[in-house]
Amino acid sequence: MSQNDNQRVWHADATFLKSRRGIMKVAEMVTLFVAFVCFAVASSPKYLAATALEFLITLLLLLLYLLKLNKRISFLFWPIVDVFNSVFAAVYLIVLSLMALTSYSVTGNLVGGVVCLMSAGLLFVDSYILFKKITFNKLRKETQNQINE
């Protein structure tokens with residue numbers, strides 16, 4: 001058995017990063033990171049934890065699509081998981097940002113709340129675009145190919 005047989009090569013899908021969904025995921029991560037930094041500067045741990053958690057979830061979904069793991073792990077329909085995550089995260093971030101905006105005492109909370117609202121808007125747009133592409137009356141492979149385009 002040669003050494004090449006034991007190695008697995010991970011190929012990144014660079015075209016995903018250039019697609020509309022890839023750009024949306026990266027924009028979501030950037031806004032969530034900026035909100036995280038703002039809340040960290042303001043020393044607001046309750047807002048900090050929520051933005052860090054959503055940043056990690058978005059990063060994992062981005063890596064899932066970037067490394068094409070959604071094709072290897074096929075027992076879940078990943079676009080629906082992505083839509084549910086985007087909708088729930090957007091609602092949660094709207095509530096979080098409204099709390100940060102109404103009770104701010106430090107400028108970091110104000111800026112973090114505004115950036116969280118922007119992130120929630122991006123999450124809603126992402127879920128709308130993705131849900132619009134999903135059709136439930138086609139075979140699974142046809143829908144996956146349509147979503148990945």
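This is a predicted model: local features need pLDDT of at least 70, side-chain atom pairs count only at pLDDT 80 or more; totals for chains, interfaces and linings use all residues.
Reader: Why are H3 and H4 called roughly antiparallel to each other?

Author: The axes of helix H3 (residues 20-41) and helix H4 (residues 45-66) cross at roughly 155° and come within 9 Å. The cut-off for roughly antiparallel is over 145 degrees, and H3 and H4 are therefore roughly antiparallel to each other. In handedness, H3 passes H4 in a left-handed crossing.

Reader: What makes up the contact of H3 with H4, by class of residue?

Author: On the H3 side, the residues that meet H4 include Leu32, Phe33, Phe36 and Phe39, and on the H4 side those that meet H3 include Leu48, Phe55, Leu59 and Leu62. By class, this contact of H3 with H4 has 16 nonpolar, 2 polar and 4 charged residues.

Reader: Which residues of H4 and H6 meet, and how do they divide into nonpolar, polar and charged?

Author: Among them are Ile57, Leu61 and Leu64 in H4, together with Tyr92, Leu93, Leu96 and Met99 in H6. The contact of H4 with H6 divides into 14 nonpolar, 2 polar and 3 charged residues. Tyr47, Thr51, Glu54, Leu61 and Tyr65 of H4 take part in the contact with H3, and these residues of H4 also meet H6.

Reader: Why is Ser105 called exposed?

Author: Ser105 lies in the loop between H6 and helix H7 (107-133). A residue counts as exposed when its relative accessible area is over 50%, and Ser105, with a relative accessible area of 67%, is therefore exposed. Its C-alpha atom is separated by 8.8 Å from that of Ala42, although Ser105 and Ala42 are 63 residues apart along the chain.

Reader: How many of the residues count as buried, and what does the protein chain expose?

Author: Of the 149 residues of the protein chain, 40% count as buried, the cut-off being under 20% relative accessible area. The protein chain exposes about 8900 Å², of which carbon and sulfur atoms supply 69%.

Methods. Residues are numbered from 1 along each chain as its sequence is written. Side-chain values use heavy atoms; hydrogens and water are left out. Axes are lines fitted to C-alpha atoms, for helices over the stretch in contact, and angles run from 0 to 180 degrees between N-to-C directions. Helices (H or I, at least four residues) and strands (E, at least two) are DSSP runs, numbered from the N terminus. Angles under 35 degrees count as roughly parallel, over 145 as roughly antiparallel, 65 to 115 as roughly perpendicular and the rest as oblique. A crossing is left-handed if the near helix is turned anticlockwise from the far one by less than a right angle, and right-handed if clockwise. Contact means heavy atoms within 4.5 Å. Ala, Val, Leu, Ile, Met, Phe, Trp, Tyr, Cys and Pro count as nonpolar, Asp, Glu, Lys and Arg as charged, and the others, Gly among them, as polar. Buried means under 20% relative accessible area, exposed over 50%, partly exposed in between (1.4 Å probe, protein chains only). Accessible areas come from the Shrake-Rupley method with a 1.4 Å probe; for residues, only the protein chains shown count as cover.
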